Amino acid sequence: EEVNIHSDVIAQMLSEDMEPEHWQKIAEEIDNVKDDYDGIIVGHGTDTMSYTGAALSFMLQGLDTGVVLVGSQRSSDRPSSDAAMNMHCASKFLTETDFTGIGICMHASTNDTVCNILPAQKARKMHTSRRDAFEPVNERPLGYVDYNTDDVTTNFEQDNNEYEKSTELNKDVGWLRIRPGMRPEELDFVIEQDYDGVIVEGTGLGHMPVNAFDENTQHHAEILEKLEELSDDTLVVMASQCLNGRVDMDVYSAGLKIQEAGVIGAEDMHPELAYVKLMWSLGQSDDLEEAEEFFLQDVNGELVERSVYSD
């Protein structure tokens with residue numbers, strides 16, 4: 001009753017089985033059909049939907065068509081499924097606003113009342129099973145759709161950037177999660193992989209054990225040495241496990257040492273977003289310094305200069 005839908009199948013698979021090549025395939029298909037429709041909905045499994053959303057935001061900058069990724073936390077064969085409502089709300093948002101770019105539409109609460117439209121590059125799955133599992137990190141929703149009244153509320157400023165498709169990715173990116181008890185040998189393993197880029201998911205403002213205080217922490221000096229060795233020919237990026245807030249390695253001595261070792265910060269990007277952007281940045285240039293410049297500049301709203309407060 002709301003829209004005429006034309007459906008194309010790109011792939012049928014669980015989202016946890018998707019690879020970066022599938023992101024590229026989706027981007028190419030959007031580019032092929034974007035001028036044929038008033039809006040595009042991408043049906044997607046929720047496990048890795050935020051990765052795909054982030055990738056599309058980098059690969060399709062300045063997109064002049066509204067694209068909304070839609071998932072469901074409960075399958076369509078269950079009476080409590082959120083699939084139909086999320087689809088309805090996404091359709092309503094695309095047809096009644098001038099939104100262009102990449103968004104994600106999911107429940108705003110556990111009730112069947114309102115959907116959030118989230119900026120795809122800043123959204124993250126925050127719960128394993130709740131229908132309102134997706135939340136924006138360090139950003140506000142783009143809008144809301146009331147399922148019962150069909151009222152649409154917008155909260156975005158439309159940019160008019162020139163459309164640019166750049167789907168190149170470099171998958172040679174590793175990921176190291178910091179925690180108490182890690183050993184220098186773990187960095188040896190990462191070094192041996194000869195990655196082009198590595199995400200370090202650190203603690204707090206962007207920290208890892210690099211200070212030696214007593215006999216139990218003497219190996220931290222070796223961790224710092226190996227971090228410096230890793231950074232010699234790898235683009236190493238520090239993100240935070242805290243998700244909300246931003247990395248700031250200028251506050252404590254550990255952060256200063258990590259920066260001196262050659263590590264750069266992910267600013268307010270959560271780890272998954274930083275991981276996808278590092279793949280994309282390395283895909284734009286074989287030169288690590290140029291790739292670093294791509295990573296540190298705001299490409300499509302993924303870097304927010306001032307983090308918003310959200311309670």
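In this predicted model, Leu56 is in contact (heavy atoms within 4.5 Å) with Trp23, Ile26, Ala27, Ile30, Leu69 and Ile102, residues up to four places away in sequence being left out of the count. Leu56 is also, with Trp23, Ile30 and Ile104, among the residues with the most contacts inside the largest nonpolar core, which has 48 residues. A nonpolar core is here a set of buried Ala, Val, Leu, Ile, Met, Phe, Trp, Tyr and Cys residues joined through side-chain atoms within 4.5 Å, where buried means under 20% relative accessible area with a 1.4 Å probe and protein chains only. At least two residues of this core come from each of α1, β1, α2 (49-59), β3 (66-70), β4 (101-107), β13 (235-240), α7 (271-284) and α8 (288-296), and α7 gives the most, with 8 residues. Another core, of 21 residues, lies apart from it and includes Leu176, Met182, Val190 and Leu227.

The largest pocket has a volume of about 1300 Å³, and of the 40 residues that line it, Ser7, Asp8, Ile41, Val42 and Gly43 lie nearest its centre. A pocket is an open set of points on a 1 Å grid where a 1.4 Å probe fits, with protein on both sides within 12 Å along at least five of seven lines, and lining residues have an atom within 4 Å of a point. The lining of the largest pocket comprises 20 nonpolar, 15 polar and 5 charged residues.

Residues are numbered from 1 along each chain as its sequence is written. Local features need pLDDT of at least 70 and side-chain atom pairs pLDDT 80 or more, whereas totals for chains, interfaces and linings use all residues, and side-chain values use heavy atoms, without hydrogens or water.

Notes. Grid points are joined across faces, edges and corners, and a volume is the space filled by probe spheres set on the points. Ala, Val, Leu, Ile, Met, Phe, Trp, Tyr, Cys and Pro count as nonpolar, Asp, Glu, Lys and Arg as charged, and the others, Gly among them, as polar. Buried means under 20% relative accessible area, exposed over 50%, partly exposed in between (1.4 Å probe, protein chains only). Helices (H or I, at least four residues) and strands (E, at least two) are DSSP runs, numbered from the N terminus.
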